[in-house]
Amino acid sequence: MSSPCGKLYVVATPIGNLADITFRAVEILKQVDLIAAEDTRHVKMLLQHYGISNKVVSLHQHNEDTVSTGLLEKLRQGQSIALVSDAGTPLLSDPGMPLVRMVKDAGLEVSPVPGACALIAALSAAGLPVTRFSFEGFLPRTSSARQAFFHEKLMCPTTWVFYESSHRILASLKDMAEVLPLDRQIVIARELTKLHETIIKTSLGRALELVESDDNMRKGEFVVIVNGAVVDKKEQVITPEQQKLLAVLLRECSIKTAVAMAVEITGVRKKLLYQAALDMQ
Ligand code: SAM
């Protein structure tokens, strides 16, 4: 027997090219009782394009806590709801998390309708390792917070990805160049699936030059992908955080114990840490 409660569908919509939507997504947007959308005017363009006339309610970051409660009630009454954002997959740097959590916590069904996502689209065409990666969403807005973030990521051995806007792409790359080596490989994926799609794989230094010198490279929407740190065992370096840790340990224990503990905590080679400890004393 099927549940008397309705289902929440999390539906991916295009990130630029209107054709990038699945047959199933279109069917579900037609069939559900209600569409919850980040921007009702924006989604209506998509619905119009696919001949869908369905009821749309607004659910955005400023009202989602209150609107979600009402939507949960509708699901309990047996209505089905599709959640969409302005572009791509809801919840990925987009609204929807409170609603999905609430529906799951209430024991009702949530079903994904997969499709476009700028993060995955960019990774698929970047030519950087994707076996393991981390998604960092949007970066902090101030330069000092961004630089602190880049310090954290400096030695990260796997690929990392972030979203960036036209207003901040140059400032973000400048901050990155203050912290990361200029020869680090990065990919700038701009305006994916759109007329001016540009995907550039180059060094951080060259990327900064390109974005600085070409106005067009500061227009549109961006995904930035950064290659992980390639750590040659022979050339392994100690990060400022690891040095700080070693210094604290040296204040409390003997050099032998401090180095042994630092090896265990950081995974850095013993010889390197021992030399650093000697240098500090
Ligand atoms: N939920 C969306 C997804 O699945 O990708 C992302 C929404 S987030 C509010 C918007 C950001 O995603 C943009 O600022 C940009 O960083 C990235 N983005 C969205 N569409 C893009 C595109 N066509 N090309 C490059 N980046 C894009």
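Both F149 and W160 are buried (under 20% relative accessible area, with exposed meaning over 50% and partly exposed in between, for a 1.4 Å probe and protein chains only). The model is predicted, so local features need pLDDT of at least 70 and side-chain atom pairs count only at pLDDT 80 or more, whereas totals for chains, interfaces and linings use all residues. Residues are numbered from 1 along each chain as its sequence is written, and side-chain values use heavy atoms, with hydrogens and water left out.

The rings of F149 and W160 have centres 5.8 Å apart and planes at 80°, so the pair is edge-to-face. Rings of Phe, Tyr and Trp (its six-membered ring) pair if their centres lie within 6.5 Å; planes under 30 degrees apart count as stacked, over 60 as edge-to-face and the rest as tilted. F149 lies in helix α6 and W160 in strand β7, so this pair ties together parts that are 11 residues apart in sequence. Helices (H or I, at least four residues) and strands (E, at least two) are DSSP runs, numbered from the N terminus. The rings of W160 and F162, with centres 6.3 Å apart and planes at 25°, form a stacked pair. W160 has a relative accessible area of 0%, and F162 is also buried, at 0%. One aromatic cluster is formed by F149, F150, W160 and F162, and the structure holds seven aromatic pairs.

F150 also belongs to the largest nonpolar core, which has 24 residues. A nonpolar core is a set of buried Ala, Val, Leu, Ile, Met, Phe, Trp, Tyr and Cys residues joined through side-chain atoms within 4.5 Å. F150, L173, M176, L180 and I186 touch the most other members. Two or more residues each come from α6 (143-153), β7 (159-165), α7 (169-179), β8 (185-190), α8 (204-213) and β10 (221-226), and α7 gives the largest share, six residues. Residues up to four places away in sequence aside, L180 touches F150, L154, W160, L204 and V226 (contact means heavy atoms within 4.5 Å). A second, separate core of 18 residues includes I28, L29, V43 and L46. In soluble globular proteins, nonpolar side chains tend to be buried together.

Helix α6 also contains R146, which is buried with a relative accessible area of 4%. Beyond its neighbours within four places in sequence, R146 is in contact with L139, P140, R141, R168, A171, S172 and D175.

Two helix pairs were examined. Helix α9 (residues 240-252) and helix α10 (residues 255-266) pack at an angle of about 145°, with their axes 9 Å apart. Axes are lines fitted to C-alpha atoms, for helices over the stretch in contact, and angles run from 0 to 180 degrees between N-to-C directions. In this pair, Q242, L245, L246, L249 and L250 of α9 meet I255, A258, V259, M261, A262, I265 and T266 of α10. The axes of helix α3 (residues 64-76) and helix α4 (residues 97-105) come within 9 Å and cross at roughly 40°. Contributors to this contact include L71, L72 and L75 of α3 and M102 and V103 of α4.

A search of the whole structure finds zero disulfides (pairs of cysteine sulfur atoms within 2.5 Å). The sulfur of C117 is 19 Å from the closest cysteine sulfur, in C156, too far for a bond. C117 is buried, with a relative accessible area of 9%, whereas C5 is partly exposed, at 27%.
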